[in-house]
Amino acid sequence: MLARSGNRRERDGDPTAHAEVLALRAAAAALGGWRLDGCTLYVTLEPCAMCAAACVLARLDAVVFAAADPKAGFAGSLGNLLDDPRLNHRVAWRRGLRAGEAADLLAGFFAIVRDRG
């Protein structure tokens, strides 16, 4: 594992502090450059448009996610930036890995966020 992170949007008060963006930043720092060729990102929830675009810009090889996000997902749900032929790089993607476990984790996470709210 090169890098890992979690969502810190609420904690940091930063709208860009999604787990994917933070993990990409940490991976780039570990490798000493922005190109993440040969890397795969594993995430619980389908990336949003911002995170999917960041994956393309980082030149990731692949993104693997467990649960689809019908409200904000941009790796097949609302659109798909990962393999849009109009972009200069395509990222392979796979949905559904450990989906049941991911659903439980997400339900717990959002329950905590709602309780704090």
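Modeller: The account below begins with the chain, turns to one helix, and then follows other parts of the model.

This is a predicted model, in which local features need pLDDT of at least 70 and side-chain atom pairs count only at pLDDT 80 or more, while totals for chains, interfaces and linings use all residues. Residues are numbered from 1 along each chain as its sequence is written, and side-chain values use heavy atoms, with hydrogens and water left out.

The chain has four helices and three strands; helices (H or I, at least four residues) and strands (E, at least two) are DSSP runs, numbered from the N terminus. Along the sequence they follow the pattern α-α-β-α-β-β-α. The radius of gyration is 14 Å, close to the 13 Å that the globule rule gives for 117 residues, so the chain is as compact as a globular protein of that length. That radius is taken over C-alpha atoms, and the globule rule is 2.2 Å times the number of residues to the power 0.38. Along the principal axes, the C-alpha atoms fill a box of roughly 40 × 30 × 25 Å. Of the 117 residues, 33% count as buried, where buried means under 20% relative accessible area, exposed over 50%, and partly exposed in between (1.4 Å probe, protein chains only). Among contacts (heavy atoms within 4.5 Å) between residues at least 6 apart in sequence, 49% join residues at least 24 apart.

Which residues of α2 are buried? They are E20, V21, L22, A23, L24, A27 and A28. An α-helix has 3.6 residues a turn, so residues three or four places apart point the same way. The cover over the buried residues of α2 includes β1 (40-45) and α3 (49-57).

A23, found in helix α2, has a relative accessibility of 10% and so counts as buried. Leaving aside residues up to four places away in sequence, A23 touches A3, S5 and L41. The C-alpha atoms of A23 and A102, 79 residues apart along the chain, are separated by 18 Å.

D14 is partly exposed, with a relative accessible area of 24%, and its C-alpha atom is separated by 27 Å from that of D83, 69 residues apart along the chain. Just after α2, G32 takes a positive phi of about 80 degrees. Another positive phi, near 65 degrees, belongs to R59, a residue other than glycine. R59 is in the loop between α3 and β2 and, at 14% relative accessibility, counts as buried.

The cysteines come next. The structure holds zero disulfides, a disulfide being a pair of cysteine sulfur atoms within 2.5 Å. C39 is in no disulfide, the nearest cysteine sulfur, that of C55, being 11 Å away. C39 is buried, with a relative accessible area of 16%. The sulfur of C51 is 3.7 Å from the closest cysteine sulfur, in C48, too far for a bond. C51 is also buried, with a relative accessible area of 0%.

How many aromatic pairs does a search of the whole structure find? It finds one aromatic pair. The rings of F65 and W93 have their centres 6.1 Å apart and their planes at 15 degrees, so the pair is stacked. Rings of Phe, Tyr and Trp (its six-membered ring) pair if their centres lie within 6.5 Å; planes under 30 degrees apart count as stacked, over 60 as edge-to-face and the rest as tilted. F65 lies in strand β2 (residues 62-67) and W93 in strand β3, so the pair ties together parts that are 28 residues apart in sequence. F65 counts as buried at 0% relative accessibility, whereas W93 counts as partly exposed at 29%.

A92 also lies in strand β3 (residues 92-95). A92 is partly exposed, with a relative accessible area of 45%, and touches D61, A62 and V63, not counting residues up to four places away in sequence. The C-alpha atoms of A92 and T40, 52 residues apart along the chain, are separated by 9.1 Å.
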